[in-house]
Amino acid sequence: MEGSSILFQQLVNGLTIGVVYALIAVGYTMVYGIIELINFAHGEVYMMTAFIALTLYSIAGLPLIAAILIAIIFASLLGVTIERVAYRPLRGSPRLIALISAIGVSLFLQNLAMKIWGARRQPFIPPHKEITLLNIKQTLSLPLIGEATITMIQIIMLIVAVTLMILLSLVIKYTKVGRAMRACAQDLTATRLMGVDVNRTIAFTFAIGSALGGVAGILVALYYNQVYPMMGYMAGLKAFTAAVLGGIGNVTGAFLGGILLGVSEGLCGAYISSLWMDAIAFAILIIVLIYKPSGLLGERTPRST
Amino acid sequence: MPGFLIRRLDQLRKRPLFWGIWVACLIGITIFLTLVGMPIPYALVIFALAIVSILFSRAKYLPILIIILLAIMPWTSQDQYWLRVLITVGIYIMLALGLNVIIGFTGMLDLGYIAFFGIGAYTTALLTTHFHLSWWLCLLASIVVAAIFGVLRGLPTLRLSGDYLAIVTLGFGEIARMTFANWVGLTGGPMGIRDITPPSVFGFSFGFSAQWGYRLYYYLILVLLGLTVLTITNLRNSRLGRAWVAIREDETAAQTMGVNLSWNKTLAYAVGAAYGGAAGAFFASFNMFVSPNSFTFFESAIVLCMVVIGGIGSIPGVIIGASILAAFPEVLRFMSEYRYLIFGLIMVIMVIFKPRGILPER
Amino acid sequence: MSILEVTDLKAGYGNIIAIDDVHLTVDEGDIVTVIGANGAGKTTTLMTICGVVKPISGRITFMGKDITGLSPEKIVKMGISQVPEGRRIFPRMSVYENLQMGAFPHKEIDNDTLNWIFSLFPVLKERKNQKGGTLSGGEQQMLAISRALMAKPHLLLLDEPSLGLAPKYVELIFDVLKEINKKGTTIFLVEQNAHMALNIADKGYVMETGRIVLHDTANALLNNKMVKSAYLGE
């Protein structure tokens with residue numbers, strides 16, 4: 001491949017993985033915006049959802065769409081349950097304490113997944129099956145620019161992610177519950193005085209964030225065609241990086257941060273070394289935090305512990 | 001009833017907290033030993049000794065008693081497995097105490113502390129395998145190198161606090177691990193470095209032997225731990241320690257008292273990292289093998305949990321927290337498949353019901 | 001008829017008891033004020049009535065219904081709104097969005113109320129699309145009061161509305177409070193500025209270290225020796 005084709009190919013690949021980071025990052029950023037907690041278990045919700053979808057689809061034999069929808073509902077319920085059991089009792093205590101609880105939940109879910117599904121990587125689509133959309137194979141590549149191509153699944157990922165992000169922005173901007181979420185992020189007590197059920201709003205935030213994280217998990221499972229218990233760990237860390245990069249608490253920022261991170265990784269993989277791809281994410285994070293702690297679109301800096 | 005016994009019971013009644021802690025300590029150690037695999041008869045003997053010593057001794061001798069107890073422990077069994085467990089617990093205690101300087105004393109959240117452990121371990125591993133330096137020199141080098149990296153990490157992050165600082169430290173931790181894994185020329189990459197020589201004194205090796213088993217390592221970590229506790233307690237009560245606590249309580253107020261934030265924070269990083277480095281040097285020689293897998297974020301999280309669950313800032317609390325959490329997977333061996341699952345659950349339950357830790361700082 | 005009745009109320013934070021043995025009655029259509037120094041327990045009293053602070057013991061009834069220990073969202077729905085101390089408007093929301101938040105208990109934003117508020121505070125109409133955080137202190141206080149009014153409350157609680165405001169704004173706000181009251185909203189006002197508060201109030205309570213030490217009609221309190229020396233600076 002010639003130079004410009006490599007560049008375009010890496011941009012496409014980076015963009016695809018970037019929108020996945022963005023979808024996960026939204027969950028982190030919304031939760032952090034309201035309860036100022038790094039929800040370490042969020043990456044595990046992403047992983048569990050992929051596994052549930054896999055079980056329903058390749059083992060139970062449900063149609064793909066049904067499996068995906070049920071898995072997403074499961075993701076929401078899981079997120080809400082985690083909040084109810086592990087975070088709500090700790091609201092008002094030092095945030096470090098809630099962080100420990102989050103790490104505990106994360107550990108629990110990782111090991112639960114290992115117990116149920118085993119530690120090894122499993123294909124999402126069984127070897128003999130093939131996924132098609134409108135009779136087009138998901139692995140079909142379309143020529144783009146030069147020798148660069150885009151596969152069907154990449155197109156689907158981009159469309160799904162962008163649509164969901166736009167929907168989410170509209171919900172947050174124009175609906176009553178969206179306003180309540182923003183109000184919670186600005187002043188929890190004042191929001192209660194407005195007659196908002198803060199607990200319900202927070203639960204709703206977890207439900208939406210987890211559902212989006214779950215969608216990301218399924219998309220990635222389809223993209224790489226593999227699911228494993230540790231997949232949530234790195235994805236979670238990177239998505240959180242993306243959230244911070246964009247400015248924590250800011251949904252648009254999370255989206256931008258995710259894409260920026262994905263593309264930088266793609267470029268790093270092409271021009272530096274794929275081994276250092278993961279390190280790039282953290283290097284970017286550190287540089288951004290040191291020189292612009294509020295992130296790219298940040299409107300707030302975090303409070304101290 | 002003999003007179004001294006009455007007096008003792010009277011004392012127990014008058015200072016229940018003080019005596020309670022010591023009794024709990026002694027009983028705790030014995031129960032702990034049985035759990036990690038000491039034969040029950042020995043445990044009962046030690047338990048009885050503990051009770052008798054509490055009844056007959058004076059308060060100031062109690063620490064000595066505990067030291068004696070710890071010293072005779074490795075001779076109660078020929079089984080070397082549980083001695084390995086004890087040594088591992090010791091390493092974790094050291095790490096937790098070091099991290100406690102950063103989190104507990106100075107109040108800076110750190111999610112990448114294990115990097116210093118790794119840096120110390122790799123320093124020792126490289127120096128012994130390439131240059132065949134004496135382990136004691138390596139220990140020194142590990143401490144210094146880790147401290148330097150502590151400063152290097154601390155300087156650019158001085159302005160940050162709270163969660164952002166936590167994330168940056170996490171990033172540094174991950175970059176350190178990836179460096180261990182990817183800089184194959186230096187670190188051997190994912191294969192790690194093997195055949196690290198054990199420490200020795202005048203040609204007498206501390207390594208595993210038929211006669212001594214792992215006992216010499218055990219005593220070595222005991223001595224290192226003793227030094228750690230001693231130095232950290234002194235630091236805590238020094239002018240520097242007070243400056244750290246002032247920063248933790250209120251940065252602005254500390255500044256108005258004349259505490260130099262940058263200097264004291266950087267020192268806290270350096271000191272905390274130094275202990276991590278020392279623990280790493282020990283780990284490298286004890287394990288005789290280092291690889292990137294020992295320095296994952298998971299390990300940082302576990303050490304953090306030891307500090308928080310034990311009681312942030314409290315030295316005895318951190319020791320207890322580290323002992324419990326480090327031994328936990330071993331205690332739960334009989335249900336090995338579920339142990340980390342339960343581990344996670346217990347972390348959640350602990351912070352919900354005992355948010356200030358088992359033995360909070362007074 | 002009394003709209004709010006507080007009996008033997010005790011509340012606090014953790015182990016600290018902030019108010020004890022508090023008895024209050026607010027009659028429908030009145031302006032009632034609680035005056036007292038900083039830390040006397042005035043804010044805690046309001047927060048307990050609103051349900052943000054859970055009472056340890058005692059009873060709060062609103063329009064004949066027991067509301068003790070109910071959650072704030074239920075209490076707001078029943079018709080109690082609070083203008084909290086320090087205004088606490090949502091700084092990153094526009095003025096209009098802030099008002100929408102105030103109307104949260106209702107399905108739709110009520111245009112009559114909105115127009116009334118804009119006639120009380122024309123400046124808010126001008127700055128409708130401006131972010132709350134960019135308003136001046138006085139304007140923020142107007143917004144906070146308007147936001148509470150959007151819920152169409154029967155009882156309006158105000159916590160130190162004059163705090164930190166320029167004198168011309170203080171006058172304006174107290175004038176508006178009278179007007180709001182004339183429109184039929186009962187007002188329960190907590191103030192350190194005893195002079196202003198007692199001047200517009202029908203009835204007043206004096207609070208010291210968590211307890212009510214004195215209560216009478218506002219006129220009587222204005223002429224009370226103790227109140228005069230301690231709170232009116234005469």
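Axes are lines fitted to C-alpha atoms, for helices over the stretch in contact, and angles between N-to-C directions run from 0 to 180 degrees. Helices (H or I, at least four residues) and strands (E, at least two) are DSSP runs, numbered from the N terminus.

All views come from a predicted model, in which local features need pLDDT of at least 70, side-chain atom pairs count only at pLDDT 80 or more, and totals for chains, interfaces and linings use all residues. Residues are numbered from 1 along each chain as its sequence is written, while chains are lettered from A and ligands numbered from 1 in the order in which they are written.

**View 1. Helices H3 and H6 of chain C pack against each other.** Helix H3(C) covers residues 95–102, and helix H6(C) covers residues 137–149. Their axes lie 7 Å apart, at an angle of about 35°. H3(C) brings C:Val95, C:Asn98, C:Leu99, C:Met101 and C:Gly102 to the contact. H6(C) answers with C:Leu143, C:Ser146, C:Arg147 and C:Ala148. Two residues are in contact if their C-beta atoms, placed from the backbone, lie within 7 Å. By class, this contact of H3(C) with H6(C) has five nonpolar residues, three polar and one charged. (Nonpolar means Ala, Val, Leu, Ile, Met, Phe, Trp, Tyr, Cys and Pro; charged means Asp, Glu, Lys and Arg; the others, Gly among them, are polar.)

**View 2. Four strands of chain C form an open antiparallel sheet.** The order is E2-E1-E4-E5. (Strands pair if DSSP finds at least two bridges between them.) Strand E2 (16–27) and strand E5 (65–66) are the edge strands, and each pairs on one side only. E1(C) and E2(C) run antiparallel and share eight bridges. Find C:Glu5: its bridge partner in E2(C) is C:Thr25. The two strands E1(C) and E2(C) form a hairpin with two residues between them. In that turn, C:Gly14 has a positive phi of about 60°.

**View 3. Strand E1 of chain C also pairs with strand E4.** E1(C) spans residues 2–13, and E4(C) spans residues 55–62. Six bridges join the two strands, which run antiparallel. C:Ala11 has C:Pro55 as its bridge partner in E4(C). C:Leu4 has C:Phe62 as its partner there.

**View 4. Six strands of chain C make an open, mixed sheet.** Read the order as E6-E7-E8-E3-E9-E10. Strand E6 (80–83) and strand E10 (211–217) stand at the edges with a single partner strand each, so one side of each has no neighbour in the sheet. On average, neighbouring strands are turned by 15° against each other, direction ignored. Strand E3(C), residues 31–36, runs parallel to strand E9(C), residues 203–208, over five bridges. C:Thr33 stands opposite C:Gly204 in E9(C). Helix H1(C), residues 42–50, packs on the sheet. H1(C) touches E3, E6, strand E7 (155–159), strand E8 (186–191) and E9 of chain C. The direction of H1(C) makes about 150° with that of E7(C).

**View 5. Chains A and B meet, with the most contacts among the two pairs of chains that touch.** Chain A gives 34 residues and chain B gives 32. On the chain A side, helix H4 (95–117), helix H9 (231–246) and helix H11 (277–291) each give two or more residues. Which helix gives the most to this side of chain A? H4(A) does, with 12 residues. The chain A side divides into 25 nonpolar residues, six polar and three charged.

**View 6. Chain C touches chain A but makes no contact with chain B.** The A–C contact takes 20 residues from chain C and 15 from chain A. Helix H2 (72–78) and H3 of chain C each give two or more residues to the chain C side. That side holds 12 nonpolar residues, three polar and five charged. The closest C-alpha atoms of chains B and C lie 15 Å apart.

**View 7. Chain A has 11 helices and four strands.** Its radius of gyration is 19 Å, close to the 19 Å that the globule rule gives for 305 residues, so chain A is as compact as a globular protein of that length. (The radius is taken over C-alpha atoms; the rule is 2.2 Å times the number of residues to the power 0.38.) The C-alpha trace of chain A spans about 60 × 45 × 35 Å along its principal axes.

**View 8. Residues 301–305 of chain A have pLDDT below 50.** (pLDDT is the predictor's confidence in each residue, from 0 to 100.) The mean pLDDT of chain A is 89, and 95% of its residues reach 70 or more. Where pLDDT is low, the predicted coordinates should not be read in detail.
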